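Subject: Structure handover

Hello,

Here is the structure I said I would pass on.

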Amino acid sequence: MEPARVLKILRSLPLLLPLWNRRVCVQRLWPSSSALLRSTALELTILTGHVLLYPSGITQERPVPCPPREAEGAPRLPAGKHDRPVVLLHGFIDNRSVFVLLRRALAKHGRRHVASLNYSPLTCDIREAARLLGAHVEELCERTGQSEVDIVGHSLGGLIARYYVQRQGGDARVRTLVTLGTPHGGTRVVPAMNAHPIVRQMRPGSEVIAELAEPAPGCRTRFIGFWSDLDQLMAPLETACVDHPDLLAHNVRVSGIGHLALPVHPAVATGIRQAIDDDAALVSASGSMSVA
């Protein structure tokens, strides 16, 4: 099937599915069995489309040339909400194709610099992946003339981005970090995957998780953690919440969708866009946001 046709199918999913999948709303923590079945069906549909699109995202993204600054050494440009670049970082054994709909939604609403970073599925260390992200962010800032970026990380991608921000000085570059279904406290699912070193680093009590729990005074980055009550890859579910006394963090609970739907669902995309655009609303928020 042609990638363009797959993209059209994915974009039309919220219209083809019943009303309960056209909205992401706050509900009780324990969903009904019917909600779980509907979410599972949606996850399988998204997985099918993503498998078809996966080959299109294997190669690294080509950087889009930006207009040169007037003179070498000119001061960096002040970033308006649409000038600040957005970096998209995928999850475990995935690639940038998972963000095909999100990046289009961001571009449609004025984001001029949206960049995706692929890291190898053979990556065995979150710390090393974070260093790669840091180099990518520096290159992007230099190319665009901006001093800060926003990052959206799905699953493991959010954990890599948090390590960069919290442990490698990335808070000087990252204005807002949005995580989607990221195991901030570690997840216990799929014990058979423990053979992979990076999976072991995502377990509760790992060295990486312990490092992220250490004090982080003065961290300048704002954190927004989207977590779903039907995310079957998060055990416990609340591990996808950012919970640290030194971090400015707001967690967004969504209901009715699972792990794979978080970077795809249009209501979540709207929430992400609002999170990175509306500084004042987030600063005054009470710790949760509705993306209904």
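The notes below go from the whole chain to single residues.

This is a predicted model, in which local features need pLDDT of at least 70 and side-chain atom pairs count only at pLDDT 80 or more, while totals for chains, interfaces and linings use all residues. Residues are numbered from 1 along each chain as its sequence is written, and side-chain values use heavy atoms, with hydrogens and water left out.

Overall

The protein chain has nine helices and six strands; these are DSSP runs numbered from the N terminus, helices being H or I with at least four residues and strands E with at least two. Of its 292 residues, 51% count as buried, where buried means under 20% relative accessible area, exposed over 50% and partly exposed in between, with a 1.4 Å probe and protein chains only. Among contacts with a separation of 6 or more, 82% are between residues 24 or more positions apart (a contact means heavy atoms within 4.5 Å).

Strand β5 covers residues 222-228, and seven of its seven residues are buried. In a regular strand the side chains alternate between the two faces of the sheet. Here both faces are covered: one side has Arg222, Ile224, Phe226 and Ser228, and the other has Phe223, Gly225 and Trp227. β5 pairs with β4 in the parallel sense over five bridges, and with β6 (residues 248-254), also parallel, over seven bridges; two strands pair if DSSP finds at least two bridges between them. Leu177 has Phe223 in β5 as its bridge partner, and Ile224 has His250 in β6.

The largest pocket

Rolling a probe the size of a water molecule over the atoms shows where empty space is left. The largest pocket has a volume of about 660 Å³. Of the 28 residues that line it, the closest to its centre are Phe92, Ser155, Leu233, His259 and Leu260. A pocket here is an open set of points on a 1 Å grid over the protein atoms alone where a 1.4 Å probe fits, with protein on both sides within 12 Å along at least five of seven lines, and lining residues have an atom within 4 Å of a point. Points are joined across faces, edges and corners, and the volume is the space filled by probe spheres set on them. Helix α2 (residues 33-53) gives the largest share of the lining, six residues. By class, the lining has 16 nonpolar, nine polar and three charged residues (Ala, Val, Leu, Ile, Met, Phe, Trp, Tyr, Cys and Pro count as nonpolar, Asp, Glu, Lys and Arg as charged, and the others, Gly among them, as polar).

Backbone exceptions

Most residues other than glycine have a negative phi, and most peptide bonds are trans. Ser155 is not a glycine, yet has a positive phi of about 55°. Ser155 lies in the loop between β3 (149-154) and α5 and counts as buried, at 11% relative accessibility. Val190 also has a positive phi, of about 50°. Val190 is in the loop between β4 and α6 (197-201) and is partly exposed at 42%. The peptide bond from Ala235 to Pro236 is cis, with omega near 0°, and Pro236 sits in the loop between β5 and β6.

Regards
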